[in-house]
Amino acid sequence: MDDKIATSAEAAEAAVLPCVHEVHTDPEACVGLTKVPAKLQQQDETKSAARWAYERLIVYIRNFEEQLDGEHEVAMGFVGGDAGVLRIEGMGYYDPDLLTFYGTDGSGARTQLIEHVSQLSVMLRAVPKAVKEKPANRIGFRLAADLDEA
């Protein structure tokens, strides 16, 4: 048992640090969620809700991609509508509360979704890669690398 009493500063710091807990029937399915980029492990109480959501989505997208074979890429299904699926080709945020997803839909049309963080509901889907002759696109790894460079 830990008898240490946290100071209010330590409690405030712990409250802004990310924490993840996942349980799955396949133990390998959630392994990538514990590989959080260093940038996300740093305390930063000035991060907006959009930035927090953006960074955590990157971890989920990268973990999802790690489980895909070479014939599939990550896409995003829209919850609650007939908008279809967006093949994720880019993602961003606009402080304090907007996220945006760039990509193409099933017909190849350029698509952009702008979502308020309070309405965020993303379903990741595996879809056949767009160009059979090229390696599968892995946007999650690019997004995570961008966090490390920033």
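## The nonpolar core

The largest nonpolar core has 20 residues, and those touching the most other members are Y54, I58, M76, I88, M91 and F101. A nonpolar core is a set of buried Ala, Val, Leu, Ile, Met, Phe, Trp, Tyr and Cys residues joined through side-chain atoms within 4.5 Å. Buried means under 20% relative accessible area, exposed means over 50%, and partly exposed lies in between (1.4 Å probe, protein chains only). At least two residues of this core come from each of α2, β1, β2, β3 (98–104) and α3. The element that gives the most is α2, with six residues. Helices (H or I, at least four residues) and strands (E, at least two) are DSSP runs, numbered from the N terminus. In soluble globular proteins, nonpolar side chains tend to be buried together.

Leaving aside neighbours within four places in sequence, I88 is in contact (heavy atoms within 4.5 Å) with I61, V74, A75, M76, Y102, L124, N137 and I139.

## Basis of the description

This is a predicted model, in which local features need pLDDT of at least 70 and side-chain atom pairs count only at pLDDT 80 or more, while totals for chains, interfaces and linings use all residues. Residues are numbered from 1 along each chain as its sequence is written, and side-chain values use heavy atoms, with hydrogens and water left out.

## Salt bridges

Side chains of opposite charge can pair when their charged atoms come close. A search of the whole structure finds four salt bridges, each defined as a side-chain nitrogen of Lys or Arg within 4 Å of a carboxyl oxygen of Asp or Glu. R87 forms one with E73, and the closest N and O atoms of this pair are 2.7 Å apart. Because R87 lies in strand β2 (residues 85–94) and E73 in strand β1, the pair ties together parts that are 14 residues apart in sequence. R87 is buried, with a relative accessible area of 16%, and E73 is also buried, at 7%. Elsewhere, salt bridges that share partners join K47, R51 and E55 into one network. K47 is buried at 11% relative accessible area, and E55 is buried at 0%.

E71 forms a salt bridge with K129, with 3.9 Å between the closest N and O atoms. E71 lies in the loop between α2 (49–66) and β1 (72–78), and K129 in the loop between β5 (122–128) and α3 (139–149), so this pair ties together parts that are 58 residues apart in sequence. E71 is partly exposed, with a relative accessible area of 44%, whereas K129 is buried, at 8%.

## Strand β4 and the surface

Q112 has its place in strand β4 and is partly exposed, with a relative accessible area of 44%. Not counting residues up to four places away in sequence, Q112 touches L86, T100, F101 and Y102. The side chains of Q112 and T100 are joined by a polar contact of 2.8 Å. A polar contact is a pair of N or O atoms within 3.5 Å; within protein, one must be able to donate a hydrogen and the other to accept it, and residues adjacent in sequence count only if both atoms are side-chain atoms.

I114 is also found in strand β4 (residues 110–116) and is exposed, with a relative accessible area of 55%.
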